[in-house]
Amino acid sequence: MRLSILLFDGFTALDVVGGYEVLANVPGIETEFVAENTGLVVADTRRLALQAYRSFAQTEHTTILYVPGGPGVEAGLQNPALLDTIRRLHATSTWTVGICNGVELLGAAGVITGLEVTTNWFARERVAAWGAKVTTERYQRDGKVVTGAGVSSSIDAGLYLAGLIGGESLAQTLQLGIEYYPRPPFGNGTPDTAPATAQAKVRAFESSAAQRLAQLSTPF
């Protein structure tokens with residue numbers, strides 16, 4: 001089995017790392033980070049980067065296609081190489097995973113039309129515009145497509161997929177291995193029940209995220 005995690009400039013680290021920590025530990029899996037070009041790909045903070053060891057052109061097929069989100073999605077929607085790679089790898093993948101607003105990239109690639117998916121709460125309308133049926137679930141499966149809501153849901157979606165691949169016992173072991181028993185200090189409410197002030201601040205932050213990304217310098 002091969003897990004291919006696509007990277008693009010301005011990805012959100014936890015979108016990637018949450019699912020990676022789970023799925024990379026599935027027995028027999030080979031994990032690779034793939035980008036348009038090999039080398040460092042910088043996250044949205046501009047203070048962290050991941051190494052892509054394989055380019056889009058070098059990647060012919062995969063078992064699990066994994067697409068994260070982040071402020072860089074906005075530019076990614078205009079990147080034919082990224083969208084063509086998603087479309088091409090999805091055609092023969094066993095599983096395709098979309099996390100957070102990375103599900104927008106799946107939509108732009110034309111692979112979720114008519115499917116039930118979830119996504120980050122602020123991206124629901126944009127994902128629906130690609131013809132998907134958007135739910136408010138933490139993770140969602142429709143056929144071979146598994147989607148996660150916002151950022152940290154990459155862990156939940158990863159554990160769910162690990163269970164589909166290797167069974168419940170494996171998934172439980174992986175959950176224990178990363179000691180994932182969340183107890184956030186401000187409760188387990190959903191985005192829809194979060195305080196209005198918090199929702200407004202996050203929406204304002206998100207609406208200017210791509211612009212801020214372009215202005216941030218990178219030490220790499």
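## A hairpin to start

Strand S3 (residues 39-42) and strand S4 (residues 49-52) run antiparallel, joined by 4 bridges. One of the facing positions involves Gly 39, which stands opposite Ala 52 in S4. The model is predicted.

S3 and S4 form a hairpin with 6 residues between the strands. In this hairpin, Arg 46 takes a positive phi near 65°.

Start with S1 (residues 2-6). S1 pairs with S2 (residues 30-35) in the parallel sense, over 5 bridges. Here Leu 6 has Val 34 in S2 as its bridge partner. S1 also pairs with strand S6 (residues 64-67), again in the parallel sense, over 3 bridges. In that pairing, the bridge partner of Leu 3 is Ile 64 in S6.

Next comes S2. This strand pairs with strand S5 (residues 54-55) in the parallel sense, over 2 bridges. Which residue in S5 stands opposite Val 34? The residue is Arg 54. Val 34 is also the bridge partner of Leu 6.

## From strand to helix to strand

S1 and S2 belong to a further unit. Together with helix H1 (residues 13-23), they make a right-handed β-α-β unit.

## H1 against H6

H1 also packs with a helix. The axes of H1 and helix H6 (residues 153-166) come within 7 Å and cross at roughly 30°. Angles under 35 degrees count as roughly parallel. H1 and H6 are therefore roughly parallel to each other. The crossing of H1 past H6 is right-handed.

Which residues of H1 meet H6? They are Leu 14, Asp 15, Gly 18, Gly 19, Val 22 and Leu 23. On the H6 side are Ser 154, Ile 155, Gly 158, Leu 159, Leu 161 and Ala 162. The residues of this contact divide into 7 nonpolar, 4 polar and 1 charged.

## H6 against H7

H6 has another packing partner. H6 and helix H7 (residues 168-177) pack at an angle of about 145°, and their axes are 7 Å apart. H6 passes H7 in a right-handed crossing.

From H6, the contact uses Leu 159, Ala 162, Gly 163 and Gly 166. From H7, it uses Glu 168, Leu 170, Ala 171, Leu 174 and Gln 175. How many nonpolar, polar and charged residues does the contact of H6 with H7 hold? There are 5 nonpolar, 3 polar and 1 charged. Leu 159 and Ala 162 in H6 meet residues of H7, and Leu 159 and Ala 162 are also among the H6 residues that meet H1.

How values were computed: Residues numbered from 1 in each chain as written. Predicted model: local features only at pLDDT ≥ 70, side-chain atom pairs only at ≥ 80, totals over all residues. Heavy atoms only, no water. Pairing = 2+ DSSP bridges. Right-handed = clockwise from strand over helix to strand, strands pointing away. Axes fitted to C-alpha atoms, helices over the stretch in contact; angles between N-to-C directions. Parallel < 35°, antiparallel > 145°, perpendicular 65-115°, else oblique. Left-handed = near helix turned anticlockwise from the far one by under 90°. Contact = heavy atoms within 4.5 Å. Nonpolar A, V, L, I, M, F, W, Y, C, P; charged D, E, K, R; others polar.
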